[in-house]
Amino acid sequence: MKTYDHFSQLVEARSVPTLYHATRSWKKILLDGELMAFGITGEELRHVPEAIRRRHGNNYISFARSMGSSYVNHIINGDYSNGAVLEFDTKGLRNKYKINPVDYFKDKNAFGKSVTLKVSGQFEMEERLITSKDTVPLKPYLVAVHMVDPLKVIMMNIQSQERGISSLSAVISKGEKELGRAKEDGDEARIRTAEYNLDFAKRQLKGYEDVEADYHERADAINNWLRKLMNKHSSVPFYFYDTYKEMKTGRFSLARQANPHLPDHDDIDEDDD
């Protein structure tokens, strides 16, 4: 009967070339240029031996060993989440910090209930960076940024509004012609109906145009801070995916190494680090 050698699994995983940090606070992290560490307290104490804490510190930062891990999936949580995954150079981090292997779900499943590994089916092999500092700088360890295109849903909504505007514009054009014919015929009933229909269509059109304008403002705002982030980390590739399913495969060929809604990098204004 094949047994699960927990220790050997942890040791083998230490050789992965890159580590992944999933977060919904990626905008602040990239702007600040650093990761925030958390205190090793409560249940987290069981993941880091006391001897390591005494020597290296009582703070930690979690990293996953694959893009498809339970940890990453939990943070990203769907195709259109506002989360992102930051990819780091494992060797660079290990040369500077203590990295401790952890199987987060060794004793518990994703909902915190105590279960066996066989029952839970959760193998959360991760690495904990142990430090006495409150933060860890991104440079020179950050090697890539992965995210579902934050403009994807907004651009889809803009396209939907544009279709509505086009359709209503056609209705209004047709209505104006009908009103003109009704006036030529002197048909008061038709005139009132045509005027009512035109007024209703124009109010609908105004609503569509207002919503479209709001989406454009939001898209401009996203463009502005994406430009700033991409400029601040100009040596780091940003991969934009259509869905999280594509992103977790790790196949960069499915991604765009530039946001299609952003100008070329040469057009981005310079910004201080």
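## An enclosed strand

Let's begin with strand S1, residues 18-23: six of its six residues are buried, so this strand is largely enclosed by the rest of the structure. What you see here is a predicted model.

S1 pairs with S5 in the antiparallel sense, over six bridges. If you look for Ala22, you will find it opposite Val85 in S5.

## How confident is the model?

The protein chain has a mean pLDDT of 78, and 75% of its residues reach 70 or more. Over residues 1-13, however, the pLDDT is below 50, and this stretch has 16 contacts in the model beyond near neighbours in sequence.

Residues 107-122 also stay under 50 in pLDDT; the model has 25 contacts for them beyond four places in sequence. Where pLDDT is low, the predicted coordinates should not be read in detail.

## The nonpolar cores

The largest nonpolar core has 34 residues, of which Leu30, Phe88 and Leu93 touch the most other members. Two or more residues come from each of several elements, including helix H2 (26-32), strand S5 (84-89), helix H7 (152-185) and helix H8 (188-232). H8 gives the largest share of this core, seven residues.

Leaving aside residues up to four places away in sequence, Leu30 touches Leu86, Leu138, Leu142, Val145, Leu229, Lys232, His233 and Phe238. There is also a second, separate core of 15 residues, with Ala64, Tyr71, Tyr241 and Tyr244 among them.

Just after H7 comes Gly186, with a positive phi of about 70°.

Over in helix H8 you will find Asn197, which is partly exposed with a relative accessible area of 43%. Asn197 and Ile172 are 25 residues apart in sequence, while their C-alpha atoms are 8.5 Å apart in space.

## Salt bridges

Side chains of opposite charge can pair when their charged atoms come close. The count of salt bridges here comes to 10. One of them joins Glu127 and Arg94, whose closest N and O atoms are 2.9 Å apart. Glu127 lies in strand S7 (residues 125-131) and Arg94 in helix H5 (residues 90-96), so this pair ties together parts that are 33 residues apart in sequence. Glu127 is buried, with a relative accessible area of 0%, whereas Arg94 is partly exposed at 23%.

Another salt bridge brings together the side chains of Glu178 and Arg190 (3.3 Å, N to O). Because Glu178 lies in helix H7 and Arg190 in helix H8, the pair ties together parts that are 12 residues apart in sequence. Within helix H8, Asp199 and Arg203 are four residues apart, about one turn of the helix; they form a salt bridge with the closest N and O atoms 3.0 Å apart. Asp199 is partly exposed at 41% relative accessible area, and so is Arg203 at 48%. Finally, salt bridges that share partners join Glu178, Arg181, Asp185 and Arg190 into one network.

Technical notes
Residues numbered from 1 in each chain as written. Predicted model: local features only at pLDDT ≥ 70, side-chain atom pairs only at ≥ 80, totals over all residues. Heavy atoms only, no water. Core = buried A, V, L, I, M, F, W, Y, C linked by side-chain atoms within 4.5 Å. Buried < 20%, exposed > 50% of the residue type's maximum accessible area, 1.4 Å probe, protein only. Contact = heavy atoms within 4.5 Å. Pairing = 2+ DSSP bridges. pLDDT = per-residue confidence, 0-100. Salt bridge = Lys/Arg side-chain N within 4 Å of Asp/Glu carboxyl O.
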